Amino acid sequence: MDNIESAGYAENSMNTVTLAMHGSIAVITIDNPPVNALSLSVRQGLVEAIEVADRDPHTSAVVIACDGRTFIAGADIREFGKPPEQPWLADVVERLEDATKAVIAALHGSTLGGGLEVAMGCHYRIATAAAVVGLPEVKLGLLPGATGTQRLPRLAGVERALDMMLSGNPIAASDALDAGIIDRIAGGDDLLAAAIEFASEMTGNGPRRVRDLPVPAADSDVFVAIRKKIVAKTRGLLSPEKIIQCVEAATQLSYTDACQVERDLFMECKDSPQSSGLRHAFFAERGVAKIPGIEKTAPTRDIQKISVLGAGTMGAGIAYNCLIAGYTVHLLDSDDAGLDRGKTMLRSLYEGGVKRGKISAAGAREGLHHLTTSTSYNEVADADLVIEAVFEDMSIKKDVFAKLDEVCKQGAILASNTSTLNIDEIAAATSRPQDVIGLHFFSPAHIMRLLEIVRGDKTDDDVIATSLALAKRLGKIGVVVGNCFGFVGNRMLYPYGRENQLLLLEGAAPEYIDKVLFDWGMAMGPNAVGDLAGLDVGYKARHARTDLPDDPRFYRVADMLVEQGRLGQKTGRGTYLYESGSRIPTPDPAVQTMINEEATRLGIDQRDIEAEEIIDRCIYSLIIEGARILEDGIAIRSSDIDVIWTNGYGFPRHRGGPMHYADSIGLDRVYDKVCEFQKRFGSQYWEPPKLLQTLAAKNGQFGA
Ligand code: 3HC
Ligand code: NAI
């Protein structure tokens, strides 16, 4: 391999781009770990390298490849919050395309976003069979902003391009080849050699520029249909509509004019609070694995066999989740009927998985092969991990853990799926509290991505590290939290739900509150959620507590509903009515009458309540509980709270999570509003936390 130094270029200042000759083929290599993002130095290096290669008389063609685990995975998202610096990525892409010699992109790993835009600026593309390509910008509240919205329709057609850009999901190399996005799949395992060979073949052919290709015809019905198709999924989001507008522009305007449309709309997206929220969510989810004092490479315990105790709603879902992740699973219930219910649920989960194409029929049979069931604790003895999901009752949990202590092998991890109870108290029922941890799954356990990992006072570090690794293998985001009533998620749910309940008594109808919060972005309103989860669950948890506020209004409506047998969807009646097994909530006048009468009894003057007050009271109550959680050290960092609420409680991801939302409003404004509520509604619930007060005074942020 000859260096091209003689032609005036060795490597750029940050060493992220190098240029070397393989015969007459110039190979430009990007090395910008971890994912070869298009940071400033890479953009600069690419321009410098292509200039040199293009004017070098000995160079016949150019290959662009990447070192490390992947081709370019996109623009450097960390740069989006800072003032932009030239060269713009779109200009880099144009410069590559302008080259007079054939430029070949050699793709491996994930070619995403700006990475695919760079590849589409090259004249030809070759990829490994395992490579994937995609334009995931929509997931960050963006659109492909370096000519991707113009190039992809030219290569793959309007509908395919829209589908890829609106879903943001990558496609496999074989599909990319079928779609015309790449030209060749490299045989063998030497991508660079295959790319150089491809470049040699293309030497005589010269450049084939994507911008010169026509946009395949698409009639206007395509755009009408796609808007209809995505309306529910993209509720409240800005960038999907703008992506459609860019593609419409591609079909109507010249390449240059349509690129200007793309540029303008990209800037609008980039500067929007939505993109800021989604980018925050992206990094927050990657930040959760960073646990002070526990290295990413910390030792973990070997987990092969998992015993799940309690074959109810959660136990069966957890067992299924573990089975499809490839673990051997034993499911135990104290009674035969419970076990049968669990087995039936597991079978139907497998059937559903097969029906939806998530798993093959053979895979389902194989999975069930790795399942054993029993009502005997002897079967638990050789488990590496036990996940307890029996009734939410401290005395039952203590009995179960005492029994586990007797039968389980040394070194086994003993986990509880409790949603609220004290992990240290549970651990104290054993002689090995260092092995005990909370693994709080969310319902449905095989679908919800969140796993709260509750660290007890004495939990060993390797138990935490193993739990994080388990979360990853189960396809979940594990967030390590401290031990207190409800941990992070359910602790914050309390004040949120409390405000909903107070608002009901003060005159806001359940369906109105739900609509206001749904329109604001919550996945469901709190009253519909209560009916879905079962109002008895919260009722039991509240009534087991001894520290409830002295307030007759506190969760009064929910208590009355439960006491009338209105438990929610499962009884066909809760806050709403559910006609004959339907899941669609219908407002029930009888509930409104009950609420009104109770308000009168309690001396509450009902009034019209503006949507803004509903949002502020519900969301600010979350924020101040989040601040208290930070003060108490229950969450490691504020972004962990955001991950919990966006992944476990339907908080709109584009608002980043409650703590990021507070930061984006400005903590001084949040503080002022909390003080206003304190004056209006009293200090019992609206005392501003010290942390909020301090940060507000110095213009700080929870996420700083
Ligand atoms: N910019 C900056 N950092 C990035 C990044 C990016 N585009 N993509 C990933 N990273 C960082 C992560 O934050 C993480 O950092 P950490 O180790 O400090 O936590 C590290 O790279 C590794 O990332 P993952 O943990 O996600 O690694 P995986 O192997 O699980 O996944 C991946 C790799 C599939 C590339 C995944 O990181 C990913 O999907 N990245 C985002 C891709 C993307 O959204 N690209 C589009 C960007 S926007 C754009 O290009 C705009 C353009 O059109 C103008
Ligand atoms: P469930 O009532 O559906 O199932 C509990 C099962 O445990 C029953 O089948 C019962 O027979 C069995 N059981 C009871 N005592 C037992 C014992 N001593 N040994 C073995 N099995 C026993 O309950 P669900 O909803 O699955 O909840 C289980 C746990 O998960 C609770 O701690 C709950 O707080 C928690 N959780 C529940 C969520 C939910 O949405 N349902 C969400 C997150 C956590």
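Colleague: Which strand does β3 join, through six bridges?
Modeller: This is a predicted model, where local features need pLDDT of at least 70. Strands pair if DSSP finds at least two bridges between them, and strands themselves are DSSP runs (E, at least two residues) numbered from the N terminus. β3 (residues 25-30) has six bridges to a parallel neighbour, and that neighbour is β4.

Colleague: Which residue in β4 is the bridge partner of T29?
Modeller: T29 has its bridge partner in β4. That partner is A65.

Colleague: And over how many bridges do β4 and β5 pair?
Modeller: β5 covers residues 102-107 and runs parallel to β4. I64 has A105 in β5 as its bridge partner. The count for β4 and β5 is four bridges.

Colleague: How many residues of β4 are buried?
Modeller: Buried means under 20% relative accessible area, with a 1.4 Å probe and protein chains only. On one side A61, V63 and A65 are buried, and on the other V62, I64 and C66 are too. For β4 (residues 61-66) the count is six of six.

Colleague: What angle do α3 and α4 pack at?
Modeller: Helices here are DSSP runs (H or I, at least four residues), and residues are numbered from 1 along each chain. Axes are lines fitted to C-alpha atoms over the stretch in contact, with angles from 0 to 180 degrees between N-to-C directions, and contact means heavy atoms within 4.5 Å. The axes of α3 (residues 114-121) and α4 (residues 148-156) lie 10 Å apart. Their angle is about 60°.

Note on methods. Chains lettered and ligands numbered in written order. Predicted model: local features only at pLDDT ≥ 70, side-chain atom pairs only at ≥ 80, totals over all residues. Heavy atoms only, no water. Buried < 20%, exposed > 50% of the residue type's maximum accessible area, 1.4 Å probe, protein only.
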